[in-house]
Each structure stands twice: as C-alpha cells, then as structure tokens.
Amino acid sequence: MIRIEVDGTPLEVAEGSNLLATCLAAGIYIPNLCYMAESPEPFAGCRLCFVEIQGQPAPVTACTVAVTDGMVVHTATAPVRRLQQSAFRLLVSAHQITADCPAHKRCALQQVARHLQMGLKPKPLERVPRELEIDTSPPCFDLHPARCVLCGKCLRACQERNGSSLLTFARRGIQTVISAQGLSADGQEFTCEGCLACAAVCPVSAITPKADSGHCAGEGQGHADPQAAGS
C-alpha cells in the first residue's frame, strides 16, 4: 500500500490503482460520464474528470492516471473547474432536455451540473438543434440520439458482454450518433442477444428497453442507477 493526498485528505491505496476510481471509492466526487471501472482501458471521452497533480504542468484526466506513492491531487482548483465547465457546456449544447425523460432527477448530467454549479442550459454556447429521430429498429431497445452524450459506455458494455458490439459511432462532428449497425469481429452482421447491458450503463436514458421486450430479460430492464460511481 502507498499513501497519496487528495484535497488535503490522506489516503492509503494500492500502488497503480486508477486515480478516478480511488477518489470515488473514498467518497471524493470527481465529475465523470464515460468511466467504467471494469473496462481494461479508460475511454477518456467526456473530458470531465480533470484534476491537478502536484508537480505536473497542467491538469490531467483522473481516469487515465495510476496512483504513485506521495502523489498530491487537487480536484477543485480554478484551472480544473474551467476545463470541466467547458467540457460540460459542449456536452449539453447538443443534449435534448425533455420532461418525460426517464432519467429525470437521477440523471448523471444533473449530478455533474450540481457539482459544477451550472445549469443544464449554460451560456454563452448556443444549444445545437438536432432533428434526431428515435431509432426503434433494435429488437430489445430504442435509441434516443437527442439524449445521448456520446460517452461510449454502451459500446464498451456490449463489446465486453458479447465480444462484439451491435452499437457503433456513426457520422462525424456534431452529427455523430450511436448507431445499432455494428458488425461482429469477423465483419458479419451482429445479432442482438437482448442482454440490455447497454441500457443498464447509459447515464442519460438514451437507450431504453422496449415496453414489449419481455423476451429480453437483460440487466437493463431495471435501468441501473446512472449516478453509481463508475457504472
């Protein structure tokens, strides 16, 4: 075991542990949307988990750092907050807020907004209107691209559960969406097994099990708590 310090709090942890996971386990919240503890490599796509580490010239993403003995970490400095707030503005500029969203009041975005003391419609960035239709083609779930924040958790959950992912990123730039047209490792059409691991890890209810998907008895039927650390 080694000792590190986070915001003045000494912690005793296993050397090489992931810094973000270490902080979350210690009850020190760092905003994050794309981190999955079970993934072998961090995705680092949401750009929210910035921290400052003493001795390093600039903030770094906590999900990509392995702790070392004597590390001193600050999670709420002015540079850290600026980076987190900029990343959050970009994320929500393309996110559609609706009163009937099943993640309302328990959405990971709302938790991040509260932590950063920001609203879900921050200025000065304009909201990006996108006419994105709900994709009902998958057999066990529906895709709501206007809610999606492109954290990539669904892709990795499907990949890790099934060895290949039905879901994939499609299009480019601001038009990027999650598409249910992925292929298996050998390039063949991928068949959804109905495990609903994708819905279970989605932090913003952009993937919802079909109401008539009783034959798809996967874990997403109950919709996991999106605020669970590293879920």
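Modeller: Rolling a probe the size of a water molecule over the atoms shows where empty space is left. In this predicted model, the largest pocket holds about 280 Å³ of space. Its lining is made up of 17 residues, and those closest to the centre of the pocket are L90, L91, A94, V149 and L150.

Biologist: How many residues of each class does the lining of the largest pocket have?

Modeller: The lining of the largest pocket counts 11 nonpolar, 4 polar and 2 charged residues. For the second largest pocket, the volume is about 190 Å³, and among its 13 lining residues E133, D135, P145, R171 and V177 lie nearest the centre. Here the lining divides into 8 nonpolar, 2 polar and 3 charged residues.

Biologist: Which strand gives the most to the lining of the second largest pocket?

Modeller: That is strand β8, residues 177–179, which contributes 3 residues.

Biologist: And how many cavities of 30 Å³ or more does the structure hold?

Modeller: A cavity differs from a pocket in that the probe fits inside but cannot get out, and the structure has 3 cavities of 30 Å³ or more. The largest cavity has a volume of about 120 Å³, and of the 16 residues that line it, C148, C154, I178, A206 and I207 lie nearest its centre.

Biologist: What lines the second largest cavity?

Modeller: The second largest cavity, with about 80 Å³ of space, is lined by 12 residues, and C158, N162, C192, C195 and C198 are the ones nearest its centre. Helices α4 (153–162) and α5 (197–201) each supply at least two residues of this lining.

Biologist: Which strands does β1 pair with, and in what sense?

Modeller: With β2, residues 9–13, β1 pairs in the antiparallel sense over 5 bridges, and R3 stands opposite E12 of β2. These two strands form a hairpin with 2 residues between them, where D7 in the turn has a positive phi of about 50 degrees.

Note on methods: Residues numbered from 1 in each chain as written. Predicted model: local features only at pLDDT ≥ 70, side-chain atom pairs only at ≥ 80, totals over all residues. Heavy atoms only, no water. Pairing = 2+ DSSP bridges. Helix = DSSP H or I, 4+ residues; strand = E, 2+ residues; numbered from the N terminus. 1 Å grid on protein atoms, 1.4 Å probe; cavity = no way out; pocket = protein on both sides within 12 Å on 5 of 7 lines; lining within 4 Å. Points joined across faces, edges and corners; volume = space filled by probe spheres on them. Nonpolar A, V, L, I, M, F, W, Y, C, P; charged D, E, K, R; others polar.
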